[in-house]
Amino acid sequence: SASEDWQPAREWALLALRVFYVCAFGDADEERLDKLTRLFERFIDGYRALPFKFPGGHLERAHKSKKELFKIFRGMIDEFKAHNPPPVKGQPPYKSVLGRLCYAVDDDGKTLTEEVLMDNLLLFLFAGFDTTKGSYGAIFHFLEAHPHALEALLEEVQSLDLGEEDPDVVDQL
């Protein structure tokens, strides 16, 4: 903020998506993130459209983008399941959002249907992405208005002992 360099909203959106994606799904595939961001932006544009489906209009592009998002989600699910078999009874469940959703069961022991799984992934992406992006604006505005809070935050971050945690995780963000 003090540098007075302007960052386009898309850069903040990509950072928000990257942070959310790593926290929720465990890694950040840059090519996938870029594609998700573009599709997600087109999907959201549909909410600003008239509720009529004009050929080539925002709403039609939003529906096509949702289908493409779901194709990516299916690929993510397939990759996850290929590398992470269902947990054995008595083992702790997977900690990632994707792991918990893929192997969630109801009271009858049934897993989520593909439709419910896809809708939940879209909801998590939508909520996590949009909330994280909005939070950045609020946080940076607060820190600009309260430099002492920024100094305290920097001290705290610099004093963190990551222990056995992977210090390169920060570099992924």
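Mentor: Residues are numbered from 1 along each chain as its sequence is written, and side-chain values use heavy atoms, with hydrogens and water left out.

Trainee: How many helices and strands are there in the protein?

Mentor: There are 7 helices and 0 strands. Helices are DSSP runs of H or I with at least four residues, strands are E runs of at least two, and both are numbered from the N terminus. From that end, the elements run α-α-α-α-α-α-α.

Trainee: Where is confidence lowest, and where is it highest?

Mentor: pLDDT is the predictor's confidence in each residue, from 0 to 100. Its mean over the protein is 78, and 84% of the residues reach 70 or more. Helix α7 (residues 169-172) has the lowest mean, 46, while α6 has the highest, 89. Over residues 169-173 pLDDT stays under 50. Where pLDDT is low, the predicted coordinates should not be read in detail.

Trainee: Why is Arg32 called buried?

Mentor: Buried means under 20% relative accessible area, exposed means over 50%, and partly exposed lies in between, with a 1.4 Å probe and protein chains only. Arg32 has 18% relative accessibility, so it counts as buried. Arg32 sits in helix α2 (residues 30-45). Leaving aside neighbours within four places in sequence, Arg32 is in contact (heavy atoms within 4.5 Å) with Tyr21, Ile72, Met76 and Glu79.

Trainee: What makes Tyr103 buried or exposed?

Mentor: Its value is 18% relative accessibility, so Tyr103 counts as buried. Tyr103 is placed in the loop between α4 (97-102) and α5. Not counting residues up to four places away in sequence, Tyr103 touches Phe80, Lys81, Asn84, Pro85, Pro86, Pro87 and Tyr94. Tyr103 and Pro93 are 10 residues apart in sequence, and their C-alpha atoms are 8.1 Å apart in space.

Trainee: Which residues of α3 are buried?

Mentor: The list includes Leu59, Ala62, Leu69, Phe70, Ile72, Phe73, Met76 and Phe80. Glu60 and Ser65 are also among them. Across the protein, buried residues make up 28% of the 173 residues.

Trainee: How do you know that the span of α3 agrees with its number of residues?

Mentor: The expected span is 1.5 Å times one less than the number of residues. For the 26 residues of α3 that should be 38 Å; the end C-alpha atoms are 37 Å apart, so the two agree.

Trainee: What makes Asp34 and Arg38 a salt bridge?

Mentor: A salt bridge needs a side-chain nitrogen of Lys or Arg within 4 Å of a carboxyl oxygen of Asp or Glu. The closest N and O atoms of Asp34 and Arg38 are 3.3 Å apart, and the pair forms a salt bridge. Both lie in helix α2, 4 residues apart, about one turn of the helix. Asp34 is partly exposed at 29% relative accessible area, and Arg38 is partly exposed at 35%.

Trainee: How many salt bridges does a search of the whole structure find?

Mentor: The search finds 5. One of them joins Glu68 and Lys71, at 3.2 Å from N to O. These two are 3 residues apart in helix α3 (residues 58-83), so about one helical turn separates them. Glu68 counts as partly exposed at 29%, but Lys71 is exposed at 53%.

Trainee: Why does the pair of Glu114 and Arg74 tie together separate parts of the sequence?

Mentor: Glu114 forms a salt bridge with Arg74, with the closest N and O atoms 2.5 Å apart. Glu114 lies in helix α5 (residues 114-145) and Arg74 in helix α3, so the pair ties together parts that are 40 residues apart in sequence. Glu114 is partly exposed, at 45%. Arg74 is partly exposed too, at 34%.

Trainee: Why is Val157 called partly exposed?

Mentor: Its relative accessible area is 49%, so Val157 is partly exposed. Val157 lies in helix α6 (residues 147-158).

Definitions and conventions
Predicted model: local features only at pLDDT ≥ 70, side-chain atom pairs only at ≥ 80, totals over all residues.
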